[in-house]
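Please read this note with the model open beside you.

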Amino acid sequence: MSTPAAQGGDKPALRKPVFTKVDQLRPGTNGHTLTVKVVSATPVPGRARPGAPAPASSRAPRIAECLVGDETGAIVFTARNDQVDLLKPDATVILRNAKIDMFKGSMRLAVDKWGRIEATEPASFTVKEDNNLSLVEYELVNVAE
């Protein structure tokens, strides 16, 4: 017995997103969906890439480092270009398909072109800022087989 989706009829049913909490994030993982509140947003001064053609170097990417979190912890989110406008302090957003990038040994949360950021109604939780996962430094260890 086959379903209509298998025959190319309707689109397959979308899976319900599994919401992750900030304290469950681990290095090298991706596909996270979480609801976070923005604590602060700090613009990173834009630098044009050396060797880029003149028109491209004049519009350097807009980047902001935003401290985001939920009731379990906080993490630095790297917002790029249009994402900077959505991540204002006190805003509550849903991050879909977010991934963990490593930057100088610490975790950073990011949403690339495969993910999405949605503004949502203000959250009732207060961010647990004393559990900042971006302050934990990780070291890459090669394991001999």
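Predicted model: local features only at pLDDT ≥ 70, side-chain atom pairs only at ≥ 80, totals over all residues.

1. Main core. The largest nonpolar core has 22 residues. Those with the most contacts inside it are V68, I75, F77, L87, L95 and L109. Five strands, β1 (30-44), β2 (63-70), β3, β4 and β5 (106-110), each supply at least two residues of this core. The largest share comes from β4, with four residues.

2. Second core. There is also a separate core of six residues. Among them are L67, V76, A123 and F125.

3. L87. Which residues does L87 touch beyond its neighbours within four places in sequence? The list is V38, A41, C66, V68, F77, A79, V93 and I117.

4. T78. This residue is placed in strand β3 (residues 73-80). Is T78 buried or exposed? T78 counts as buried, because its relative accessibility is 12% and the cut-off for buried is under 20%. Leaving aside neighbours within four places in sequence, T78 is in contact with I63, A64, Q83, R108, L109 and A110. Note R108 in that list; R108 returns in point 8.

5. Salt bridges overall. The structure holds six salt bridges. Side chains of opposite charge can pair when their charged atoms come close.

6. D85 and R62. The side chains of D85 and R62 meet in a salt bridge, at 3.1 Å from N to O. This pair links distant parts of the chain, 23 residues apart. D85 sits in helix α2 (residues 83-86), while R62 sits in the loop between α1 (54-58) and β2. Both partners are partly exposed: D85 has a relative accessible area of 45%, and R62 has 38%.

7. R108 and E65. R108 forms a salt bridge with E65, and the closest N and O atoms are 3.6 Å apart. Why does the pair tie together parts that are 43 residues apart in sequence? Because R108 lies in strand β5 and E65 in strand β2. The partners fall into separate accessibility classes. R108 counts as buried at 12% relative accessibility, whereas E65 is partly exposed, with a relative accessible area of 28%.

8. E118 and R96. Here the side chains meet in a salt bridge at 2.7 Å, N to O. E118 lies in strand β6 (residues 116-119) and R96 in strand β4, so the pair ties together parts that are 22 residues apart in sequence. R96 counts as partly exposed, at 22% relative accessibility. The pair belongs to a network: salt bridges that share partners join R96, R116 and E118.

9. Surface patch. Which residues form a nonpolar patch on the surface? They are M102, V136 and Y138, with about 240 Å² of accessible area together. M102 lies in strand β4 (residues 92-103). M102 counts as partly exposed, at 39% relative accessibility.

Notes: Residues numbered from 1 in each chain as written. Heavy atoms only, no water. Patch = residues over 30% accessible without salt bridge, like charges linked within 9 Å, V, L, I, M, F, W, Y side chains within 5 Å. Areas by Shrake-Rupley, 256 points an atom, 1.4 Å probe, with all protein chains shown as cover. Salt bridge = Lys/Arg side-chain N within 4 Å of Asp/Glu carboxyl O. Buried < 20%, exposed > 50% of the residue type's maximum accessible area, 1.4 Å probe, protein only. Contact = heavy atoms within 4.5 Å. Core = buried A, V, L, I, M, F, W, Y, C linked by side-chain atoms within 4.5 Å.
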